[in-house]
Amino acid sequence: MKKEEEIQQAFKKLAALCAKGEHCSGEMLNKMRLWGLDEEAQATIMSKLVAGKYIDDERFCRFFVNDKIKYNKWGRRKIEQALWQKQMDDSISQKILDEIDDSDYLQVLKPLLKSKEKSIKANSDYERKIKLMKFAIGRGFTMNLIRQCIDGIDDED
């Protein structure tokens with residue numbers, strides 16, 4: 001009976017957490033491991049959370065990707081890394097990331113590079129380009145998108 005109570009209590013805590021915001025199965029499993037629940041209990045709780053639609057990794061992934069692009073202004077590579085850290089299944093994350101068009105990333109990257117360009121101190125155009133590329137790579141954007149944007153900025157000058 002003690003184990004059943006422990007499972008119920010953990011389920012209630014996790015369900016309340018999931019009701020407040022989107023979470024993925026990886027986060028919930030980590031919490032249960034920290035609480036010292038055995039694998040059987042974790043599986044039982046996870047199946048209840050999924051059945052009750054408290055956890056839906058695809059839904060979480062969609063929100064996560066859109067938020068990171070829109071609000072954090074991240075590129076694909078950085079989002080992929082963050083999803084990997086959250087132990088998101090590749091089949092889910094890659095499908096959702098593949099649905100995003102390059103133009104969505106460009107809409108974020110162009111203004112980001114334009115504003116960054118104003119604060120860059122460089123002795124030559126080459127040095128300025130390199131610094132902009134490093135900045136964009138750090139944000140997780142791919143080289144082909146970075147080149148498109150940097151060439152676009154040069155064309156506007």
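Modeller: A salt bridge here is a side-chain nitrogen of Lys or Arg within 4 Å of a carboxyl oxygen of Asp or Glu. Please keep in mind that this is a predicted model, in which local features need pLDDT of at least 70 and side-chain atom pairs count only at pLDDT 80 or more, while totals for chains, interfaces and linings use all residues. Residues are numbered from 1 along each chain as its sequence is written, and side-chain values use heavy atoms, with hydrogens and water left out.

Biologist: How many salt bridges does a search of the whole structure find?

Modeller: The search applies the 4 Å limit between nitrogen and carboxyl oxygen. Across the whole structure, the number of salt bridges found is 13.

Biologist: Which helices hold Glu 58 and Lys 95?

Modeller: The side chains of Glu 58 and Lys 95 meet in a salt bridge, with N and O 3.0 Å apart. Because the two residues are 37 apart in sequence and sit in separate helices, the pair ties together those parts: Glu 58 belongs to helix H4 (residues 57-70) and Lys 95 to helix H6 (residues 90-99). Helices are DSSP runs of H or I with at least four residues, strands are runs of E with at least two, and both are numbered from the N terminus. The helices asked for are therefore H4 and H6.

Biologist: Which residues are linked with Glu 58 in a network of salt bridges?

Modeller: Glu 58 is partly exposed at 29% relative accessible area, where buried means under 20%, exposed over 50% and partly exposed in between, using a 1.4 Å probe and protein chains only. Lys 95, its salt-bridge partner, also counts as partly exposed, at 40%. The residues linked with Glu 58 in the network are Arg 62, Lys 95 and Glu 99.

Biologist: What separates Glu 127 and Lys 131 along helix H8?

Modeller: These residues form a salt bridge whose closest N and O atoms are 3.4 Å apart. Glu 127 is partly exposed at 26%, and Lys 131 is partly exposed at 34%. Because they are four residues apart in helix H8, what separates them is about one helical turn.

Biologist: Is Arg 76 buried or exposed?

Modeller: Arg 76 is found in helix H5. Leaving aside neighbours within four places in sequence, Arg 76 is in contact, meaning heavy atoms within 4.5 Å, with Gln 94, Leu 97, Asp 98, Tyr 105 and Gly 140. With a relative accessible area of 17%, Arg 76 is buried.
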